[in-house]
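Please walk through this protein from its overall figures down to single residues. Have the sequence and the model open side by side.

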Amino acid sequence: MFNQRVIPSLQTKSGADNRAAIVLAKNVTGLATLRALAGLSLDLHAIIFSRDEPISFSRYGKKVYFPGKEKDEPALLQFLIEYLDQLGGRPVVIPTSDTLALFLAKNYEVLKGRCAIWENSYIDLSEIICKNLLYRNASNAKVDSVPWIESTNFDEIAEWSQRNSAPYLLKPFYEGHQKQRPFGKNMSLPSREALMAYVTENPTDSIIIQRMIKGGDGFIFDTYGYSDRMGRILTMALHRRLRQNPCNFGSTSYGEIPAQLSIEAEQTILAATERLLGHIKYHGIFGIEWLLEQSTGKFYLIDFNARPFTTIGHLTDCGMNLPALAYAELTNEMTPKLIRIPKLRRMLWIDIKKDLDSLRSCEPRLLVVAKTWLLSIGQCRSFAYASLRDPGPGIQSTALMIYMAARFAFKRFIHFFTSV
């Protein structure tokens, strides 16, 4: 059950419709969101987009597999409408990816009579999820973001790169953006020459170009919280990304809550969060990413996750259950007492597979740091997949890791003897 100091108790309504929730589940975020709702005695459902997802092995909720792709909006809309009509009542629906959050916002008018979802217009949500629009809004709110440019003009990029030194980072407007790019989630370029070579050979629409400011693992922070339908922040907490996958640039693989910042630094991030959310219109769970520049102590906005995030389960374990708060607020079942910035239990969290992958790519002498890495696991009390109450996903992910390791070792063994 959620922490009563952080999340208000739910009031059971006599004669009310069936209390239900549907998670549009992607990756570990979908699993953690389902687990967070499991203590509320709800009729739980998870719409899953791949049978390989660890959530398939969870003991919580009814699993429903969407046969198409997440980005096939017409098919997904028809599927969801039919499922909602069959289920009846007005269940809460929570997305767990940018694409799914935009999907719900775009189809709000069609869905609002069938389910309870966050009241974000597609235009408003696009201005948050799309990094180019987010950074413009941040500038208007007097919130610093890493120096960036969005342009398809070679001369403009050339002039900008003369004023902003290398290295550079190329990013799509948002994760899941349909525009094809010759790179994945992001791409680093070490020099101005490399940037101009890329621009010469590739289109630059639907991407932003940023200076790469020294920050990286241990210097990336997140503000986690919830904003109600009036745009008021109900509660907030801070998280620190101790390690990421890929290292220095990706999502959290090893993190800490609370963030263990100085009072001054904590107030700086929280004040910037207040200014940003005071300038934009947003309803729902949020995770806002910040980079701390080591040389100046200045915080820069990186990204805004307008939905549950990778470490939503970590936050739940520490005492702040945002999916439960979302359910309470969307169904008007919450009591007025809520601590805005509560004192949470300190806890370390790890996604073992991602963290091991990151460690291999960042540290070539893996055996030298293996002992330190194993000790860091021993300090964790919150895990991406492992859970005594819900062991299935942890067993599946561990079995998959063992299989992949054995397969890798076998290939190396065969390669060694065939090359002799």
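**From the whole chain to single residues**

Residues 24 or more positions apart make up 68% of the protein's contacts with a separation of 6 or more, a contact being heavy atoms within 4.5 Å. This is a predicted model, in which local features need pLDDT of at least 70 and side-chain atom pairs count only at pLDDT 80 or more, while totals for chains, interfaces and linings use all residues. Residues are numbered from 1 along each chain as its sequence is written, and side-chain values use heavy atoms, with hydrogens and water left out.

The protein holds 14 helices and 15 strands; these are DSSP runs numbered from the N terminus, helices being H or I of at least four residues and strands E of at least two. Of its 420 residues, 53% count as buried. Here buried means under 20% relative accessible area, exposed means over 50%, and partly exposed lies in between (1.4 Å probe, protein chains only). The protein exposes about 19800 Å², of which carbon and sulfur atoms supply 54%; accessible areas come from the Shrake-Rupley method with a 1.4 Å probe, and for residues only the protein chains shown count as cover.

Start with the open sheet of 4 strands, which has the order β3-β2-β1-β4 and parallel pairing. Its edge strands, β3 (62-65) and β4 (92-95), each pair on one side only. From one strand to the next the twist averages 20°. Two strands pair if DSSP finds at least two bridges between them. Strands β1 (residues 20-25) and β2 (residues 43-48) run parallel and are joined by 6 bridges, and A21 has L44 in β2 as its bridge partner.

Two helices lie against this sheet. Helix α1 (residues 27-37) lies across β1, β2, β3 and β4 and runs at about 165° to β1. Helix α3 (residues 98-106) lies across β1 and β4, at about 140° to β4. For these angles, axes are lines fitted to C-alpha atoms, for helices over the stretch in contact, and angles run from 0 to 180 degrees between N-to-C directions.

R35 is located in helix α1. Is R35 buried or exposed? R35 counts as buried because its relative accessible area is 18%. Leaving aside neighbours within four places in sequence, R35 is in contact with Y60, A384, Y385, A386, S387, D390 and P393.

Next comes helix α6 (residues 131-140), whose buried residues are K131, N132, L134, Y135, N137 and A138. The cover over these buried residues includes α5 (122-129), β5 (148-149), β6 (168-172), β8 (207-211), α9 (263-279) and β13 (299-305). Just after α6, K142 has a positive phi of about 60°.

Strand β14 (residues 347-350) is covered on both faces: M347 and W349 on one side, and L348 and I350 on the other, are all buried. In a regular strand the side chains alternate between the two faces of the sheet. Strand β11 (residues 251-257) runs antiparallel to β14, with 4 bridges joining them; the bridge partner of E256 in β14 is L348. With strand β15 (residues 382-383), β14 pairs in the parallel sense over 2 bridges, and W349 has S382 in β15 as its bridge partner.

Finally, the cysteines. The structure holds 0 disulfides, a disulfide being a pair of cysteine sulfur atoms within 2.5 Å. C115 counts as buried because its relative accessibility is 0%, and C380 counts as buried at 3%.
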